Amino acid sequence: TTNERKDPAAAHAIVRGLWAQPPIFAPVDTSYQVVLRGMLWQQVLQSTDPVLQLLLQCYRYWWQESRRDPLAITHKEAMSLDPERESAILFDTEAVHLSVATSYFLLTELQVDFTDCGHTLVLPPSSSSGGPAQMALNWTQGPRSGLKAFL
């Protein structure tokens, strides 16, 4: 998907495209919940996998630089985090997962468009504006709920 607020024109193009299947969007409503904590985060921190260690090095660099620069758009988020206890919100992780599989999510098909400021407009199904989109609005439920299984 796109960052609708940063590039509304790209979001317009996606929902108005002639796709075989409606595009899938990962709204902030579900992706803000993707944070690693507790034992799972400790397993990540203690991993000896070199790729994971490089990723953690990048995360720590982001955290330090964001805390150092009060003008950084991520400053407030970094100030509220302790990288030894939890990850930042992993927004892109959900979108990457949805690019290959829709497991763990309840998808809702809606007719949507985006304002020039990047706000999502939910339109009547018969609207000639915008286009159909699958929105990952909820995680699956049950003993192995979507969020827990995803993480």
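Which residues of α3 are buried? They are Trp41, Val44 and Leu45, where buried means under 20% relative accessible area, exposed over 50% and partly exposed in between, with a 1.4 Å probe and protein chains only. The model is predicted, so local features need pLDDT of at least 70 and side-chain atom pairs count only at pLDDT 80 or more, while totals for chains, interfaces and linings use all residues. Residues are numbered from 1 along each chain as its sequence is written, and side-chain values use heavy atoms, with hydrogens and water left out.

Seen down the axis of α3, the buried residues fall within an arc of 100°, so they line one face of the helix; the arc is that of the directions from the helix axis to the C-beta atoms. The face turned away from this buried side carries the exposed residues Met39, Gln43 and Gln46. Helices (H or I, at least four residues) and strands (E, at least two) are DSSP runs, numbered from the N terminus.

What covers the buried residues of α3 includes α4. The axes of these two helices come within 9 Å and cross at roughly 105°, with axes taken as lines fitted to C-alpha atoms over the stretch in contact and angles running from 0 to 180 degrees between N-to-C directions. α3 and α4 are therefore roughly perpendicular to each other, the term for angles of 65 to 115 degrees. Trp41, Val44 and Leu45 of α3 meet Leu52, Gln53, Leu56, Tyr59 and Arg60 of α4 in this contact, contact meaning heavy atoms within 4.5 Å.

The largest nonpolar core has ten residues: Leu36, Trp41, Val44, Leu45, Leu56, Tyr59, Trp63, Ala78, Leu81 and Ala88. Such a core is a set of buried Ala, Val, Leu, Ile, Met, Phe, Trp, Tyr and Cys residues joined through side-chain atoms within 4.5 Å. α3 (38-46) and α4 (50-68) each supply at least two residues of this core. A second, separate core of eight residues includes Ile14, Val15, Ala133 and Met135. Leaving aside neighbours within four places in sequence, alanine 88 is in contact with Val34, Val35, Tyr59, Trp62, Glu77 and Leu81.

In helix α1 (residues 8-16), the buried residues are Pro8, Ala11, His12, Ile14 and Val15. Viewed down the axis of α1, they fall within an arc of 165°, so they line one face of the helix. These buried residues pack against β1 (24-25), β2 (105-114) and β4 (131-139).

Definitions and conventions: Angles under 35 degrees count as roughly parallel, over 145 as roughly antiparallel, 65 to 115 as roughly perpendicular and the rest as oblique.
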